[in-house]
Amino acid sequence: RVGEKVGDEIFQRAMALQQLQNETEAREADAEYTIAVGERRAAYHALEGKSAVEGYKPFINDVRRIQQDFGSRLSNPMAKRIFDRESRSMMSRTIFNGAGHAASQNRRWAEGASRARVDTSINDTLNDPSPNALGAGRRAIDQESHNLAGINGWDEAQREKYVREENSRMLLTHVRGLSRSEPFKAKEFLEANRGQFDDRDIDRAEQIVRTNLYQTGSRRISDEVNAQPVEGG
């Protein structure tokens with residue numbers, strides 16, 4: 001009986017020692033896994049816009065692969081089970097936080113696309129100061145204002161404010177483009193649409209028109225002087 005008791009104690013101590021080794025091995029692997037997955041998380045969260053949206057699935061796959069790689073290095077199934085139990089919590093939090101980043105960057109991507117379309121339409125009125133380009137710009141601003149309102153949670157007053165500001169910016173660009181070739185027509189357009197400009201944009205538009213009218217007048221005077229015959233020539 002004494003021998004059996006001693007044998008049981010030795011067995012129990014051996015089992016306890018093995019359990020301790022398993023737990024230590026699993027904790028060390030979990031610590032290394034936390035560092036590795038943290039580096040991958042930082043790299044993913046550095047992505048913005050479209051890159052973050054498209055990179056979300058590869059990010060998930062990498063987080064899972066890293067967890068599996070560390071688990072496969074453990075010396076026995078018991079240590080692996082302990083590691084899996086501890087590491088899965090970190091893996092779940094990492095993937096969940098990644099989903100939040102992907103969602104926010106998806107909104108940012110969509111917002112950027114809408115604003116880019118508006119910018120393109122406004123710039124078109126610089127190189128093509130025609131009524132058609134101006135009408136296309138107004139339609140683009142109105143359409144994208146609804147998209148931006150949905151993305152940013154704007155109410156109707158905020159959306160209308162955005163439309164007014166962007167239309168004013170477009171009119172300023174239109175005046176700038178028109179003044180290059182037809183400064184007198186640009187002045188007429190400015191006076192006819194004065195009420196649609198913001199205070200800041202109307203000041204800029206007036207300065208542009210004055211400058212181009214002055215340059216046009218100076219060129220005319222210069223041309224008239226140069227056209228006169230030289231005495232004794």
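This note goes through a helix packing, one arginine and the aromatic pairs of the structure.

1. The model is a predicted one, in which local features need pLDDT of at least 70 and side-chain atom pairs count only at pLDDT 80 or more, while totals for chains, interfaces and linings use all residues. Residues are numbered from 1 along each chain as its sequence is written, and side-chain values use heavy atoms, with hydrogens and water left out.

2. Helix 4 (residues 77–127) packs with helix 5 (residues 131–152) at an angle of about 165 degrees, their axes being 9 Å apart; helices here are DSSP runs (H or I, at least four residues) numbered from the N terminus, and axes are lines fitted to C-alpha atoms over the stretch in contact, with angles from 0 to 180 degrees between N-to-C directions. That angle makes helix 4 roughly antiparallel to helix 5, a label given to angles over 145 degrees. The crossing of the two helices is left-handed, which applies if the near helix is turned anticlockwise from the far one by less than a right angle.

3. On the helix 4 side, the residues that meet helix 5 include R107, E111, S114, V118, I122 and T125, and among their counterparts in helix 5 are A133, L134, I141, E144, L148 and I151; contact means heavy atoms within 4.5 Å. By class, this contact has nine nonpolar, seven polar and six charged residues, where Ala, Val, Leu, Ile, Met, Phe, Trp, Tyr, Cys and Pro count as nonpolar, Asp, Glu, Lys and Arg as charged, and the others, Gly among them, as polar.

4. R81 lies in helix 4 and, with a relative accessible area of 48%, is partly exposed, a class that falls between buried (under 20%) and exposed (over 50%), using a 1.4 Å probe and protein chains only. The C-alpha atoms of R81 and E23 are separated by 9.8 Å, although the two residues are 58 apart along the chain.

5. Five aromatic pairs are found in a search of the whole structure, a pair being two rings of Phe, Tyr or Trp (its six-membered ring) whose centres lie within 6.5 Å; planes under 30 degrees apart count as stacked, over 60 as edge-to-face and the rest as tilted. Y44 and Y56 form a tilted pair, with 6.3 Å centre to centre and 40 degrees between the planes. This pair links Y44 in helix 1 (residues 2–45) to Y56 in helix 3 (residues 56–72), twelve residues apart, and both Y44 and Y56 are buried.

6. W154 and Y162 form another tilted pair, at 5.5 Å centre to centre and 40 degrees between the planes. W154 counts as partly exposed because its relative accessibility is 22%, whereas Y162, at 6%, counts as buried. Y33, F70 and F83 form one aromatic cluster.

Terms used: Parallel < 35°, antiparallel > 145°, perpendicular 65-115°, else oblique.
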